[in-house]
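Student: Hi, I have a structure open and would like to talk it through with you. Could we start with the sheets and then move on to whatever else comes up?

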Amino acid sequence: MATYHQIPDDEKGYELDLFCVPKHYEEDLDRVIIPHGLIMDRTERLARDIVRDMGGHHIVALCVLKGGYKFFSDLLDYIKALNQNCDKSVPLTVDFIRLKSYCNVLIVEDIVETGRTMETLLSLLSECNPKMVKVVSLLVKRTPRSSGYRPDYMGFEVPDWFLVGYALDYNEYFRDLSHICILNEKAKVKYKL
């Protein structure tokens, strides 16, 4: 069973003025729910767990774009650091959802909401007959719309809130925000396409 940090439904988060938030987003956010430092610490721990479980075999790390790019990059940086500083290392290559023949696959996702997209991707990937497929997601949303799918590795389980930052977007905005924040209702109207 994957270990993760569960953020409760009644979590109050942190006031925006405690953190560095881009001025152009200050009126759009309710509060910081996961500070950047906590994201990085959980990402490092996930890297250790992945190397422990999948180490010794060549791994293809598969990034689910666009929202997953920041988590993907940081996770791979931690895996590379472990490769350089530990007795056990993992041969690692990267790809971006281009299906071909794979040995072991690590799918890196930013957020699993209903789980249906990941189930579809896993079904398509199974046609390539990889030896092993593991999924890591920074966030898993608790929602009644969930199919019940759970990734192998999880950073945080979060309430059914609309979250932005750390490459999570709303109509392509907020990817440049370091922390994960709750988007307020006014911003949903302001940035609606």
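Student: How many bridges join strand 6 to strand 7?
Tutor: Keeping in mind that this is a predicted model, five bridges join strand 6, residues 132-141, to strand 7, residues 153-158, and the two strands run parallel.

Student: Which residue is the bridge partner of Val136 in strand 7?
Tutor: That partner is Tyr153.

Student: And what packs on the sheet there, touching strand 6?
Tutor: Helix 3, residues 116-126, packs on the sheet and touches strand 3, strand 5 and strand 6, with its direction making about 165° with that of strand 5.

Student: In what order do the strands of the open sheet of six come?
Tutor: The order is 1-7-6-5-3-4, and the pairing is parallel. Strand 1 (5-6) and strand 4 stand at the edges with a single partner strand each, so one side of each has no neighbour in the sheet.

Student: Which strands does helix 1 lie across?
Tutor: Helix 1, residues 36-54, lies across strand 1, strand 3 (59-63), strand 5, strand 6 and strand 7, and it runs at about 145° to strand 7.

Student: What does Val51 touch, if residues up to four places away in sequence are not counted?
Tutor: With those set aside, Val51 touches Ile79, Leu82, Lys88 and Val90.

Student: How far apart in space are Val51 and Tyr69?
Tutor: They are 20 Å apart from C-alpha to C-alpha, and they are separated by 18 residues in sequence.

Student: Which residues form the nonpolar surface patch with Tyr69?
Tutor: Leu65, Val94 and Phe96 form the patch together with Tyr69, and the accessible area of the four is about 380 Å² together.

Student: Where is Phe96, then?
Tutor: Phe96 is in the loop between strand 4 (92-95) and strand 5 (104-112). Its relative accessibility is 42%, so Phe96 counts as partly exposed.

Student: Back to sheets: what is the order in the open sheet of three strands?
Tutor: That order is 2-9-8, with antiparallel pairing. The edge strands are strand 2 (29-34) and strand 8 (163-164), each of which pairs on one side only.

Student: How many bridges join strand 2 to strand 9?
Tutor: Four bridges join strand 2 to strand 9, residues 180-183, and these strands run antiparallel. Looking across to strand 9, you will find Ile180 opposite Ile34.

Note on methods. Residues numbered from 1 in each chain as written. Predicted model: local features only at pLDDT ≥ 70, side-chain atom pairs only at ≥ 80, totals over all residues. Heavy atoms only, no water. Patch = residues over 30% accessible without salt bridge, like charges linked within 9 Å, V, L, I, M, F, W, Y side chains within 5 Å. Areas by Shrake-Rupley, 256 points an atom, 1.4 Å probe, with all protein chains shown as cover. Salt bridge = Lys/Arg side-chain N within 4 Å of Asp/Glu carboxyl O. Buried < 20%, exposed > 50% of the residue type's maximum accessible area, 1.4 Å probe, protein only. Pairing = 2+ DSSP bridges. Contact = heavy atoms within 4.5 Å. Axes fitted to C-alpha atoms, helices over the stretch in contact; angles between N-to-C directions.
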